[in-house]
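Dear colleague,

Please find the structure below. My notes on it follow.

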Amino acid sequence: MVYVVAIVGFIAGFALALQIVGYLLRDRPRDELLTNRGLRMTYGLLAWAIAALTSYCAIAVFRFYFPEAS
């Protein structure tokens with residue numbers, strides 16, 4: 001069951017991260033978004049880090065509320 005919570009938390013975190021990255025990059029011109037590889041690395045790692053952190057938090061909450069299930 002912990003795996004299911006981790007996967008759901010990761011997917012939710014990734015969706016949240018894409019919303020945040022979209023907000024942060026809203027003023028950048030389209031050409032810069034397509035050609036600047038530095039943006040990919042910076043904001044891509046940010047998205048993966050937020051998704052991993054959200055997954056970890058989902059597991060922590062699950063273990064707090066359901067200690068006998070983990």
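Leucine 46 has its place in helix H3 (residues 37-65); helices are DSSP runs (H or I, at least four residues), numbered from the N terminus. This is a predicted model, in which local features need pLDDT of at least 70 and side-chain atom pairs count only at pLDDT 80 or more, while totals for chains, interfaces and linings use all residues. Residues are numbered from 1 along each chain as its sequence is written, and side-chain values use heavy atoms, with hydrogens and water left out.

Leucine 46 is partly exposed, at a relative accessible area of 31% (buried means under 20%, exposed over 50%, partly exposed in between; 1.4 Å probe, protein chains only). Together with Leu16, Ile20, Tyr23 and Leu24, Leu46 forms a nonpolar patch on the surface, with about 440 Å² of accessible area in total. Helix H1 (residues 2-24) gives the largest share of this patch, 4 residues. Patch residues have over 30% relative accessible area and no salt bridge; nonpolar side chains (Val, Leu, Ile, Met, Phe, Trp, Tyr) are joined within 5 Å, like charges within 9 Å. A salt bridge is a side-chain nitrogen of Lys or Arg within 4 Å of a carboxyl oxygen of Asp or Glu. Accessible areas come from the Shrake-Rupley method with a 1.4 Å probe; for residues, only the protein chains shown count as cover.

The whole structure holds 5 aromatic pairs. Phenylalanine 62 and phenylalanine 66 form a tilted pair, because their ring centres are 5.4 Å apart and their planes lie at 45°. Rings of Phe, Tyr and Trp (its six-membered ring) pair if their centres lie within 6.5 Å; planes under 30 degrees apart are stacked, over 60 edge-to-face, and the rest tilted.

Yours sincerely

How values were computed. Helices (H or I, at least four residues) and strands (E, at least two) are DSSP runs, numbered from the N terminus.
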